[in-house]
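Colleague: I have not worked with this model before. Could we go through some of its features together?
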Amino acid sequence: MAFSCASGKNRPSGKHRKPGRFERTTARAAGVAALTATGVVGTLAAPALAAEPVAEQTGLMPVVAVEDTIALQIDAQAAAQERAAAEAAARKQAAEEAARHLAAEKAKEEREAKERAAREAERKRLLSYVSPIAGSYVSTSYQSGGAVWSSGSHTGIDFHAASGTSVHAVGAGTVVEAGWGGAYGNNVVIKMNDGTYTQYGHLSSIGVSVGQTVTPGQQIGLSGATGNVTGAHLHFEARTTAEYGTDIDPVAYLRSHGVDI
């Protein structure tokens, strides 16, 4: 019997056929991948791998290189995100710190402004003058003549006031006399901060003592009818010294200090 073959060679068939080069390379690549994944690429595998042409070993290596590159990119991206988050947190902290500092500075400025305003208000109050009897009027003027006064004329002014009416220091000063004053009855004399003296006579009671400092409007006693009087009222004098006879016009004195009477 005659056989014909186009190639002139007999090829084994079925399960006894040898694997081709492509199949062998694929199998080897799969084996290398498995060994690489488990970390057990041994030294015995090197000769077998070396036996294959270099071109057939390049199937796995680009995949490994790409995976390494992606991993490095992910690590770099994660590090960049961490840096960005840290920088953002630092900026936020700096902004919050700056806001706290600004708020503290503003609060300090407001507090200092209030303190300055309070000091200025207190300074003005201490420099101010008031009427010795609130809401009253002058019932007897300065230098009025008459036998009732030993000097022949009135050395002060009288404010209309019922007995027990509150009598106030007209300005800031120090009490230099507080007690019985003869014809003045119970009286108080204050050395004012500007160096002048003021006197408050015919009091029913005295509420201050010698050496005590007083402020404008502070109550120093109650009006009455003690001493040489014909009825309850307040006798008020302004003097250049503490001595009798150095009197000046009380109305002009008070008006010069801003008191409207």
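Colleague: How many bridges join E5 to strand E6?
Modeller: Five bridges join E5 to E6 (residues 197-206), and the two run antiparallel. Strands are DSSP runs of E with at least two residues, helices are runs of H or I with at least four, and both are numbered from the N terminus. Two strands pair if DSSP finds at least two bridges between them. This is a predicted model, in which local features need pLDDT of at least 70, side-chain atom pairs count only at pLDDT 80 or more, and totals for chains, interfaces and linings use all residues. Residues are numbered from 1 along each chain as its sequence is written, and side-chain values use heavy atoms, with hydrogens and water left out.

Colleague: What lies between E5 and E6?
Modeller: Four residues, as the two strands form a hairpin. In its turn, Gly195 has a positive phi of about 95 degrees.

Colleague: And which residue in E6 stands opposite Asn186?
Modeller: Leu203. Asn186 of E5 is also the bridge partner of Trp180.

Colleague: How many bridges join E4 to E5?
Modeller: Seven bridges join strand E4 (residues 173-180) to E5, again in an antiparallel arrangement. Their hairpin has five residues between the strands, and Gly182 takes a positive phi near 70 degrees there.

Colleague: Is E5 mostly covered or exposed?
Modeller: Strand E5 (residues 186-192) is mostly covered, with six of its seven residues buried. Buried means under 20% relative accessible area, exposed over 50%, and partly exposed in between (1.4 Å probe, protein chains only).

Colleague: Changing topic, where is Glu109?
Modeller: Glu109 is in helix H3 (residues 61-127). Glu109 counts as exposed because its relative accessibility is 51%.
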